[in-house]
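Here are some notes to read alongside the model, point by point. Keep the viewer open as you go.

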Amino acid sequence: MENTSLLLETCAVVGQVMLENGAEMYRVEDTMNRIAGETGSVGVSFVTPTIVMIGLEETEHVKMKRVTDRTTNLSVVQLVNTYSREYTEGKINLGQLLKKVKEVNQHKMTLSTWLKILIAAVVSGSLMIVLGGAWSDFFVTCFIGGVGYSVYLLSQRFLRLKYFDEFIAAFCIGLLTLFFAKIGIGHTTDHMIIGSIMPYVPGLALTNSIRDLQQGHLLSGISRGVEVIIIAAMLAIGIAVAFRLAL
Amino acid sequence: MILLKLLEQSFLGFISSAGFSILLLVPIKLAPYAGVSGMVGWVVYFVSTKLGLGVYFSNLLAAFFIEAISMYYARHKKCPATLFNIPGIVPLVPGAATYYMTYHLVMGSYLKGMYFMIRAGGIAVAIAAGLILYDACHRFYFRLRAKKL
């Protein structure tokens with residue numbers, strides 16, 4: 001009995017941690033079932049973007065975890081994947097796995113704010129050129145992308161309104177670009193805006209959603225797809241408002 | 001001249017994918033591999049659009065190659081392929097089409113807005129189809145090999 005509840009707890013925590021950090025549904029279910037299957041019992045799992053459930057075929061126990069905030073931290077996904085692989089290879093036992101996964105989730109790898117802003121700036125600039133902009137606008141776009149990302153991070157830390165972060169970042173990017181275009185520094189306005197908003201375009205959610213649909217996880221696929229549409233609409237509305245104010 | 005352009009494009013593709021992978025908190029020592037997958041995908045896209053294969057087919061082809069490289073690295077580095085293919089598709093994601101869609105909708109030219117909306121949806125589906133196509137080929141190949149042995 002003791003063993004079953006520990007097994008279910010471990011499976012549920014592994015699923016929850018993976019889901020909170022941006023893994024795909026089929027990977028989460030597969031990992032949970034594999035951990036449960038290691039003891040000879042058959043695991044039955046059900047995962048959507050907001051809930052993780054795991055039960056064993058031959059017992060009546062079902063464990064459930066709620067997933068409230070989802071971020072993207074692929075290093076956690078990678079580490080949990082490694083640990084669960086170590087468990088199925090028999091290198092560590094169930095208790096150690098649970099402890100390690102919990103530890104990973106508490107001490108997540110994070111980047112310093114300045115590094116994030118710097119990288120966002122460089123990415124904005126290079127994406128602007130890749131998508132057809134001119135080299136003469138490179139540094140302006142880097143600047144705009146950096147300012148946009150700092151606004152995004154500030155809003156994430158202080159406002160704590162879901163989806164509002166993207167709106168305010170896109171709004172600032174739109175205003176800044178139009179301002180620079182007016183004083184004659186930027187020339188390819190369209191490409192500058194596109195390059196700067198690229199860090200917020202939900203590429204991860206988009207591919208995961210279509211992947212989930214293809215794997216037969218209809219519920220998760222549709223709900224993630226809706227999330228993509230909301231974020232894209234927020235970016236669009238932010239720029240639209242900036243255009244209306246400036247023109 | 002063409003070679004120089006190709007070099008420029010591949011360098012920028014590498015920078016954007018590797019940078020984006022760091023923003024998604026991929027472990028730093030794995031970021032260059034994500035950059036390589038993005039670079040190859042972007043070069044494939046660039047060349048195939050220049051050859052006149054059309055936007056959708058070029059996206060599909062590029063996503064196919066990105067997934068191939070991601071799966072290769074995933075097997076060799078023993079970590080999920082997601083770490084490499086999500087940053088890899090960043091230059092392909094239809095940000096431009098989405099932007100033009102809004103721009104035209106706001107400016108009142110609804111017909112052009114609808115055109116870009118359909119285009120953005122088509123590109124997204126093409127990318128996903130490319131990824132899934134390679135997955136299917138990969139599985140089919142391994143099943144075939146397992147049966148033979």
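The points below go through the sheet, the helices, the contact between the chains and the UniProt records.

1. First, a reminder about what you are looking at: this is a predicted model. The values below are computed from its atoms or, where I say so, taken from a record.

2. Start with the sheet in chain A. It is an open one of three strands, in the order S1-S2-S3, with antiparallel pairing. S1 and S3 of chain A are the edge strands, each pairing on one side only. On average, neighbouring strands here are turned by 10° against each other, ignoring direction.

3. S1(A) covers residues 43-48 and S2(A) residues 51-56; the two run antiparallel and are joined by six bridges. A hairpin of two residues takes the chain from S1(A) to S2(A).

4. Next, a helix pair in chain A. Helix H7 (residues 164-182) and helix H10 (residues 218-246), both of chain A, pack at an angle of about 35° with their axes 7 Å apart. The crossing of H7(A) and H10(A) is right-handed. On the H7(A) side, the contact is made by A:Glu166, A:Phe167, A:Ile168, A:Ala170, A:Phe171, A:Gly174, A:Leu175 and A:Leu178. H10(A) contributes residues including A:Ile231, A:Met234, A:Leu235, A:Gly238, A:Val241, A:Phe243 and A:Ala246. By class, the residues of this contact divide into 15 nonpolar, two polar and one charged.

5. On the annotation of chain A: an unreviewed UniProt entry places "transmembrane region" at residues 114-132, 138-155, 167-185 and 228-246. What does the model show over two of these spans? Residues 114-132 of chain A are 89% helix and 0% strand, with the end C-alpha atoms 28 Å apart. Residues 138-155 of chain A are 100% helix and 0% strand, and there the end C-alpha atoms lie 26 Å apart.

6. How do the two chains meet? In this model, 39 residues of chain A are in contact with 34 residues of chain B. On the chain A side, the elements giving two or more residues are helix H3 (74-88), helix H5 (113-130), helix H8 (189-197), helix H9 (203-215) and H10. H5(A) provides the largest share, nine residues. The chain A side that touches chain B has 26 nonpolar, nine polar and four charged residues.

7. Chain B has six helices and zero strands, in the pattern α-α-α-α-α-α along the sequence. Its C-alpha atoms fill a box of roughly 60 × 35 × 35 Å along the principal axes. Of the 149 residues in chain B, 50% are buried. Among contacts in chain B with a separation of 6 or more, 61% are between residues 24 or more positions apart.

8. The record for chain B is also worth a look. UniProt, in an unreviewed entry, lists residues 10-135 of chain B as "domain: Threonine/Serine exporter ThrE". In the model that span is 82% helix and 0% strand, and its end C-alpha atoms lie 25 Å apart.

9. B:Met107 lies in helix H5 of chain B, residues 95-107. Why does B:Met107 count as partly exposed? Because B:Met107 has 13 C-beta neighbours inside 10 Å, and partly exposed falls between the 12 or fewer of an exposed residue and the 20 or more of a buried one. From B:Met107 to B:Gly88 is 19 residues in sequence and 33 Å in space, C-alpha to C-alpha.

Note on methods
Residues numbered from 1 in each chain as written. Chains lettered and ligands numbered in written order. Predicted model: local features only at pLDDT ≥ 70, side-chain atom pairs only at ≥ 80, totals over all residues. Axes fitted to C-alpha atoms, helices over the stretch in contact; angles between N-to-C directions. Helix = DSSP H or I, 4+ residues; strand = E, 2+ residues; numbered from the N terminus. Left-handed = near helix turned anticlockwise from the far one by under 90°. Contact = placed C-beta atoms within 7 Å. Nonpolar A, V, L, I, M, F, W, Y, C, P; charged D, E, K, R; others polar. UniProt positions renumbered as here; feature names shortened; annotations may be inferred. Pairing = 2+ DSSP bridges.
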